[in-house]
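Subject: Structure handover

Hello,

Here is the structure I promised to pass on. My notes on the helix packing and the sheet follow below it.

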Amino acid sequence: MSTDAARPVAYRDALNEALREELARDPDVFLLGEDIGRFDGAFKVTRGLLEEFGEARVVDTPISEAGFTGLAIGAAMAGLRPVVEIMTVNFVILALDQIVNNAAKIHYMFGSQASVPIVLRMPGGGGHQLAAQHSQTLDAWLAHVPGLKVVCPSTPEDAKGLLKTAIRDDDPVIFLENEGLYGKKGPVGGPDHLIPFGQAVVRRPGTHCTVIAHSRMVWVALQAAEELAVQGVEAEVIDPRTLRPLDLETLANSVRRTGHAVIVDEGWPEYGISAGLATHLYEACFDWLDAPIGRVNCADVPMPYAKNLEQAALPTPSDVVAAVLANIGRRVA
Amino acid sequence: MSPDVTTEHADMRNLFRSMILIRRFEERASEEYMAGRIGGFLHLAIGEEAAVVGTVTALRPDDPLTSTYREHGQALARGTDPRAVMAELLGKSTGLCGGRGGSMHLMDKERAFYGGYGIVGGSIPLGLGLAYAIRYRGGDQVAVTMFGDGATNQGIVAECFNMAGLWDLPIVFLILNNQYGMGTSLERAAAEADLYTRAEAYGIPAWKVNGMDVLAVRDAVTEAVRIARDERNPACVELLAYRYRGHSMSDPDTVRDADEKERWRARDPLITFERVLLGEAIMTADEIAAMKDEVQVVVDDATAFAEESPEVPVSDLADGVYAHPWNDNPRGGALMP
């Protein structure tokens with residue numbers, strides 16, 4: 001279960017390794033998506049895989065998100081293990097009927113006769129001036145639905161280990177990536193390094209305030225923690241790694257110790273992930289909280305194109321610093 | 001009598017029995033619904049028996065089939081135990097899907113019947129995926145996906161025709177055109193009423209037949225399945241049929257006019273086929289009456305079984321949400337234990 005620290009691998013290449021290893025290991029695994037083959041993938045996650053595994057295993061689809069997602073679900077019912085790439089989370093909306101009404105329901109509504117061992121990979125998030133229709137974070141839409149598993153790795157190690165687990169899982173897994181993470185480098189594990197779902201990890205220990213963040217926001221939170229440390233404030237940064245199943249205990253144990261919580265979430269503030277996590281923490285830690293739970297979200301607007309506006313909308317380290325200081329009752333230095 | 005004729009006559013008797021079973025079952029289900037023992041939506045196949053039986057009997061047992069929410073007939077024609085189907089309609093633990101699916105979500109995976117879906121058009125790409133798996137594994141099965149005239153206007157149908165034609169998938173698209181999408185007639189919904197022509201736009205051989213004639217349906221689907229199985233090409237068959245009841249039990253059926261209903265009643269697939277059986281001396285009137293009685297006994301037994309079966313324990317509410325769950329909370333939820 002160890003990683004090779006001497007070999008830093010970019011997040012996109014960690015995913016590539018996971019796909020390569022699982023394609024080699026299990027002949028039932030195949031990939032489909034737009035431009036994943038000859039084009040090597042819009043974000044180069046699938047680079048080289050067509051060449052290595054051939055057209056039957058790496059399938060370039062027409063632009064038909066609903067159709068090829070449904071096709072993958074049908075193939076999964078027949079026992080294959082498709083890994084679908086939805087080019088960005090923004091386009092998953094086209095496939096939601098198939099995901100929510102079919103993939104998430106089939107095992108239950110047919111009395112456990114058929115399972116749907118499908119993985120749907122999709123990058124979300126903003127920060128590249130791609131504007132309103134290409135910058136969304138819709139984690140909450142998918143995490144809301146019973147019948148799906150929802151995974152959100154923030155590091156290359158977790159990306160590889162969680163993707164391997166997802167591919168071997170018999171349930172439909174939504175695998176949330178982030179365009180801002182693809183270049184991030186770090187150590188990764190070997191072919192047998194699988195990370196189980198439902199295990200949060202403490203990214204940085206601390207005593208004054210628990211900061212909960214997932215996906216790209218983990219790095220925003222870690223940057224904020226460094227800036228807070230200069231002021232003598234020690235933030236404990238925790239990454240849930242999977243939203244469904246959710247390791248609430250690790251989060252709650254921390255909050256009961258620190259008495260303070262701030263949640264950083266790239267999604268919109270209303271009825272989303274930060275609201276859902278906050279509710280669980282209020283229920284589990286009410287008597288230990290010394291302040292209401294803070295939330296740092298994307299502004300409640302469609303993402304603007306102009307760089308300065310986009311940066312103002314997204315959660316930044318200084319937003320998190322301000323939220324933590326306010327939470328523990330101090331002013332920004 | 002030569003062996004071929006004997007087999008053919010046996011086939012004809014089986015076709016007839018299968019249609020009677022669907023008709024009697026659906027009539028009984030309708031009564032159970034009126035008595036409050038079946039809830040939700042109930043979509044009956046009365047009038048469409050030839051379309052259903054002719055299609056299903058043209059398939060091999062290992063050819064996977066998907067359908068819409070009007071699918072009791074498909075399950076019965078494939079050989080699913082009528083007890084399990086009726087118990088599912090009544091929401092009992094002995095139901096085909098453990099009471100979890102109900103009328104619109106029947107699946108019998110052992111008999112390669114992959115359901116039973118409530119979203120109009122939503123099941124079509126699933127059939128495509130079953131065909132994809134066949135091709136991936138180098139099998140010679142054929143997937144058949146059934147849907148209606150209303151569904152044909154969903155955009156996903158174009159996506160599926162395109163991928164089937166592009167990838168030479170072994171699939172038969174079966175359009176069961178009963179000329180109404182709930183309360184909206186075909187002329188008011190489709191710019192081109194010959195629905196099969198849409199498949200031709202994607203290079204898929206397609207044609208239309210009389211859906212009230214079980215032999216015509218079986219012949220057409222047999223040919224379509226042959227194209228898919230032997231030539232590894234998709235095919236599309238449109239069956240022109242008519243349902244004698246409303247869209248569902250909630251539909252008072254006032255939109256369709258009485259003359260039209262009467263004209264189509266005269267083409268009742270059970271009545272016309274009975275005439276053929278008698279006319280060609282394949283069955284006598286007594287044999288037909290005996291067959292109908294036998295089927296009624298089966299339906300009565302299935303209903304009694306369903307009524308006497310226990311309900312699903314409430315403690316099982318969250319069982320089956322996942323193939324591999326991580327908690328045993330009786331109301332589900334995302335949290336690790």
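Start with a helix pair in chain B: H4(B) and H11(B) cross with a right-handed sense. Handedness goes by the near helix: turned anticlockwise from the far one by less than a right angle is left-handed, clockwise is right-handed.

Before the rest, the ground rules. This is a predicted model, where local features need pLDDT of at least 70, side-chain atom pairs count only at pLDDT 80 or more, and totals for chains, interfaces and linings use all residues. Residues are numbered from 1 along each chain as its sequence is written, chains are lettered from A and ligands numbered from 1 in the order in which they are written, and side-chain values use heavy atoms, with hydrogens and water left out.

Helices (H or I, at least four residues) and strands (E, at least two) are DSSP runs, numbered from the N terminus. Axes are lines fitted to C-alpha atoms, for helices over the stretch in contact, with angles from 0 to 180 degrees between N-to-C directions. Contact means heavy atoms within 4.5 Å.

Back to the pair. H4 spans residues 82–89 and H11 residues 285–308 of chain B; their axes come within 8 Å and cross at roughly 45 degrees. That makes H4(B) oblique to H11(B). The angle classes are roughly parallel under 35 degrees, roughly antiparallel over 145, roughly perpendicular from 65 to 115, and oblique for the rest. H4(B) contributes Pro82(B), Arg83(B), Met86(B) and Ala87(B), while the H11(B) side includes Val298(B), Asp301(B) and Phe305(B).

H10 (residues 248–258) and H11 (residues 273–285) of chain A pack at about 60 degrees, axes 10 Å apart. H10(A) and H11(A) are therefore oblique to each other. Their crossing is right-handed. Among the residues that meet are Leu251(A) and Val255(A) from H10(A), and Leu277(A) and Leu281(A) from H11(A).

Now the sheet in chain B. It is open, with 5 strands in the order E1-E2-E3-E7-E6 and parallel pairing. Strands pair if DSSP finds at least two bridges between them. The edges are E1 (65–66) and E6 (206–210) of chain B, each pairing on one side only. E1(B) runs parallel to E2 (residues 143–148) of chain B, joined by 2 bridges. Thr66(B) sits opposite Thr145(B) in E2(B).

Two helices lie across this sheet. H5 (residues 124–137) of chain B covers E1, E2 and E3 (171–177), at about 170 degrees to E2(B). H8 (residues 214–231) of chain B lies across E2, E3, E6 and E7 (235–240), at about 160 degrees to E6(B).

Best wishes
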